[in-house]
Amino acid sequence: MTVSAIDASLGIVGLGACLPGPPVANESVGKSTGVELEWIRDRIGIEARHHAAPGESTSDLATHAARHALRDAPVVPDLVVLATVTSDRSVPATACYVQDRLGLSGAPALDVNAACSGFVYALTTAAGMVRAGVARNPLVIGADVFTRCVDPTDRRTAPLFGDGAGAVQLGPVPEGYGILSTELWADGGKAHVATIPHTGGWFEMDGRAVTGTVLEMGPKVLNSALDKAGVRLDELNRLIVHQANPRLVRKLGDFVGLETDVVPDYGRRTGNIAAASIPVTLTLAHRDRPFRDGDLVALVAVGAGMTAGAVVLRWHEPTA
């Protein structure tokens, strides 16, 4: 596994999300795929998702989410790290387009591709760059228009996915708060389990193998990150899980023994939004039931690669 504990003085000081357009209901997806509405609801638990408009790009969604994150942030970003598998172009990095639109000329900008684990990888990358003295206030974004990678007539994948973006602005927080630890993992021997062919074609996934990896590696990376942070699972106030689908999120919550109020479910309203899932869920969870000062929050994701990652942080809520 990976890196040692990260300097706890770096924490989240701004949150933002972008879910494009109106919700796309199961009726619409069911019509294009021939899937019964009961199957979508009962087997995967998703009720709606969002689709980017024609011509709306990953950088568009990422920029919207970033602007929300920066609205109340007390710092100015000096680094942009964007997690995505649906870059605007092969070259340059989509983060460069976002950097330009935000007026951050001169700030380093790069993309990270670790599929649905991408945001956790990007957050760890940004924190490491702070430790290396490259930046002080990174902006970390997860954004994908994954519906363009999915065959709209495929009953196995089309109901699962949506589009979106989420962002967090990092900055200084008091000692004892912020990012306490991270853990990353990958096994390229399982690359075939979830992939998009290089020569073109639609996303392909072995759902059974993905589920097995989630239930195996999700708890492993989470427990390792908790051990590094010196905290226990039962101390968590919130566990933000990649929203692959609501049924799998609940399975993971049950597997580690956490109640539903600790493991929020937003996938029923967003679908699987790939690298955007963790920051969007984090933003919506804070909006609906704000984290309190001192809350212990963990993030955990498993994605194609296969990859997995977890972050443990102590929430800092400034006094008015």
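The model is predicted, so local features need pLDDT of at least 70 and side-chain atom pairs count only at pLDDT 80 or more, while totals for chains, interfaces and linings use all residues. Residues are numbered from 1 along each chain as its sequence is written, and side-chain values use heavy atoms, with hydrogens and water left out.

**Overall fold**

- The protein chain contains nine helices and 13 strands, where helices (H or I, at least four residues) and strands (E, at least two) are DSSP runs numbered from the N terminus.
- The radius of gyration of the protein chain is 18 Å, close to the 20 Å that the globule rule gives for 320 residues, so the chain is as compact as a globular protein of that length; the radius is taken over C-alpha atoms, and the rule is 2.2 Å times the number of residues to the power 0.38.
- Taken along the principal axes, the box filled by the C-alpha atoms of the protein chain is roughly 55 × 45 × 40 Å.
- Among contacts (heavy atoms within 4.5 Å) between residues at least 6 apart in sequence, 78% join residues at least 24 apart.

**Burial and surface**

- Of the 320 residues of the protein chain, 56% count as buried, a term that means under 20% relative accessible area, with exposed meaning over 50% and partly exposed in between (1.4 Å probe, protein chains only).
- The accessible surface of the protein chain comes to about 13200 Å², of which 52% belongs to carbon and sulfur atoms; such areas come from the Shrake-Rupley method with a 1.4 Å probe, and for residues only the protein chains shown count as cover.

**Helix α9**

- Helix α9 (residues 277-288) has 12 residues and reaches 16 Å from its first C-alpha to its last, close to the 16 Å expected at 1.5 Å a residue, a span defined as 1.5 Å times one less than the number of residues.
- This helix is mostly covered, since 10 of the 12 residues of α9 are buried, among them I278, V280, L282 and L284.

- F161, in the loop between β6 (138-145) and β7 (163-172), counts as buried at 4% relative accessibility.
- Not counting residues up to four places away in sequence, F161 touches R49, H51, F146, T147, V150, F203 and N272.
- F161 and E27 are 134 residues apart along the chain, and their C-alpha atoms are separated by 15 Å.
- T213, found in helix α6 (residues 207-229), counts as buried at 4% relative accessibility.
- With residues up to four places away in sequence again left out, T213 touches W185, K190, G218, V302 and M306.

**Backbone geometry**

- A cis peptide bond with omega of about 5° joins V91 and P92, and P92 has its place in the loop between β4 (79-83) and α4 (94-101).
- The peptide bond from G305 to M306 is also cis, with omega near -15°, and M306 lies in the loop between β12 (296-303) and β13 (307-314).
- A115 is a residue other than glycine with a positive phi, near 55°; A115 lies in the loop between β5 (109-112) and α5 (118-131) and is buried, with a relative accessible area of 12%.
- A274, likewise not glycine, has a positive phi near 55°; A274 is found in the loop between α8 (267-270) and α9 and is buried, with a relative accessible area of 1%.
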